[in-house]
Amino acid sequence: MGFQEFLGNTATADRLRESVLHDRVPQAVILAGARGAGKYTLALMFARLINCLTPTQSNGLPDYCGVCRNCKRIGQAADLETSAAAALAAREDLREVDKRETRILIQPHPDVLIIPPDPPQNLIKIGQVRQVIHNAYYRPPVEARRSIFLFTSSAFMKEAANSLLKVLEEPPPNCTLILLSENPAEMLPTIRSRAMLFRLGAVPNKTLEELLAARRPDLKAPRRALIARLSEGAVGHALGFDVDAYIASRQDALTILRSALSEPDFSALFRTTETYRGGGDGQEKTLNLLRTTNKLIEDLLMITAGTPHLVRNQDIAAELGQLAQSVDLDWIDRAARELAEVERGMRRNLLRSLSLDAMALSLERL
């Protein structure tokens, strides 16, 4: 294991490694990139590199060994979802009075603290930031070179973001904050200006297809190509992409578009929307349908704009081309608005099947 396992964005990874080589590790780092781009993976690699007890070298730059005590313990948090779920379950076992005061934190190593969004709001809360402040100022690293505080989201409550400024403005020695963000522009300017920004760009589709061929050999070439395009250059998104669920949602989305643009018989539409019921599973299924429909509408926009090579659903490009003959930019704008309206209606617990029917009827070609 080591940085040679990190796919894509070699320049960004090398800049982080060079900071360790020259003993100039930043006090605060922002890793920015799309969801699934590998921000969390790279952050854990950086934490291991900083605190590795027996560092090695690869490609002329420092690398972590992956087998020392610090590397192993920090690596235990590689599965963020599982670690966060375990922390949440531990909180649920507490008394009601203690639950309100307990924040979700992950600590795989005494000197490494991982701060995920705290449910149910899924925001970084002030209680989590206060724990970071306490550890940073009153608990110097004892088993590592530097204390690492890793925020896995840039969605802060206002009070939490303002409290974090204390650590950024007066950083204690031997302490590094790492903030992960899909959109750094959402962060306070005072936070961005006090941290070094490293961006993770999109990995080329060809590289993603080669990776999928090696990691998911059960997938046929057309599906690998589809996943690569839909993943938008994000390695993690590509590796975990549920292509069967996507194709099922896409079939339903095509039924809605056909009903609106080409087929006046709505019996197929009603049979489809009737399956979108209430409950948590129904909510997730409906959200997947809305996202998939939005991707198809974006493809229709690409065709209408004269850039069919940018279409992501290339395996159904012929049908999308036929549908695109019936739309214009005004229809595409209206369709995007109607999709957003259905999603807002879900928050008000509107009947999903009727909302989808109403959306399809509103998109019927004039």
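**Figure legends: overview and close-up views**

**View 1. The whole protein.** The protein holds 17 helices and 8 strands, where helices (H or I, at least four residues) and strands (E, at least two) are DSSP runs numbered from the N terminus. This is a predicted model, in which local features need pLDDT of at least 70 and side-chain atom pairs count only at pLDDT 80 or more, while totals for chains, interfaces and linings use all residues. Residues are numbered from 1 along each chain as its sequence is written, and side-chain values use heavy atoms, with hydrogens and water left out. Along the principal axes, the C-alpha atoms fill a box of roughly 70 × 50 × 35 Å. Of the 366 residues, 46% are buried (under 20% relative accessible area, with exposed over 50% and partly exposed in between; 1.4 Å probe, protein chains only). Contact denotes heavy atoms within 4.5 Å; of the contacts between residues at least 6 apart in sequence, 68% join residues at least 24 apart.

**View 2. The second largest pocket.** A pocket is an open set of points on a 1 Å grid over the protein atoms alone, where a 1.4 Å probe fits, with protein on both sides within 12 Å along at least five of seven lines; lining residues have an atom within 4 Å of a point. The lining consists of Arg100, Glu101, Arg103, Gln121, Lys125, Ile126, Gly127, Arg130, Met157 and Glu159. Helix 6 (residues 126-138) gives the most to this lining, with 3 residues.

**View 3. The surroundings of Asn313.** Asn313 lies in the loop between helix 14 (279-304) and helix 15 (317-324). Asn313 counts as buried because its relative accessibility is 0%. Leaving aside residues up to four places away in sequence, Asn313 touches Leu226, Leu230, Tyr246, Arg250, Lys295, Leu296, Asp299 and Leu320. Thr54 stands 259 residues from Asn313 along the chain, and the C-alpha atoms of the two are separated by 47 Å.

**View 4. The surroundings of Thr272.** Thr272 belongs to helix 13 (residues 267-273). With a relative accessible area of 12%, Thr272 is buried. Apart from residues up to four places away in sequence, Thr272 touches Asp252 and Thr255.
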